[in-house]
Amino acid sequence: MKGIVFTEFLEMVEDKFSPELVDRILDTAELPSGGVYTAVGTYDHREMIELVSCLSKETGINCADLLRSFGLYMFERFYILFPQYFKDISSSFEFLERIEGYIHVEVRKLYPEAELPSFACDTSEPGHLSLTYRSTRPFAVLAEGLIRGCVAHYGEAADIEVEDLSGGAGTAARFLLTRRDAPR
């Protein structure tokens, strides 16, 4: 998992909670890296699971809610850090449709070793978007947060249904988005 995910997570914890809490979770967590991350480094995804677990114990907020919140936070950070991916895009559906065929292609140019999740998109029904997430890592709820962050970023009203496709493992999910003004 790319280090930018870790550095942004720790920034979110510092912003939303406190720098002292960041220190506590880094001290408590059992991390092979020692909790020292660079944005361009690559780290075991289990370290993120450990960090989220330690944050959950400290705050009393369940891990899924923390990951979802992190996804919301991270979407806005991506907007700031990578504005080129948002150029000439005017809606969340338009952005989400471009993840696999454009954004992930560009990310792979920057980080050829990156192991990215896949997103299959179906827009055959007007006002509806089906986005199927698959990954070797259990971060479907993080993807949900990113999707919700995308919809919020574009100021749109959409209902989002989540269908677990992995039997609770968090490695596959279908996100069904419906614009609130779309025909039902």
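Author: Let's start with a term: buried area is the accessible area (1.4 Å probe) that two parts lose on being put together, summed over both. The size of an interface is often given that way, as accessible area lost when the parts come together.

A quick word on what you're looking at. This is a predicted model, where local features need pLDDT of at least 70 and side-chain atom pairs count only at pLDDT 80 or more, while totals for chains, interfaces and linings use all residues. Residues are numbered from 1 along each chain as its sequence is written, and side-chain values use heavy atoms, with hydrogens and water left out.

Now the two parts: domain 1 covers 3-61 and domain 2 covers 87-179, with bounds that come from an automatic or database domain assignment. Their C-alpha centres lie 24 Å apart. Where they touch, five residues of domain 1 are in contact with five residues of domain 2, contact meaning heavy atoms within 4.5 Å.

Together, domain 1 and domain 2 bury about 440 Å², and 72% of that is on carbon and sulfur atoms. On the domain 1 side, look for V40, H45 and I49: they supply 64% of the area that domain 1 buries against domain 2, more than any other three residues.

What about charges across the interface? The rule finds zero salt bridges between domain 1 and domain 2, where a salt bridge is a side-chain nitrogen of Lys or Arg within 4 Å of a carboxyl oxygen of Asp or Glu. The side of domain 1 that touches domain 2 has three nonpolar residues, two polar and no charged ones. Here Ala, Val, Leu, Ile, Met, Phe, Trp, Tyr, Cys and Pro count as nonpolar, Asp, Glu, Lys and Arg as charged, and the others, Gly among them, as polar.

Salt bridges do turn up in the structure, though: a search of the whole thing finds 12. One of them joins D44 and R46, with the closest N and O atoms 2.6 Å apart. D44 is partly exposed at 30% relative accessibility, whereas R46 is exposed, with a relative accessible area of 54%. For those words, buried means under 20% relative accessible area, exposed over 50%, and partly exposed in between (1.4 Å probe, protein chains only). Another salt bridge pairs the side chains of E106 and K109, at 3.0 Å from N to O.
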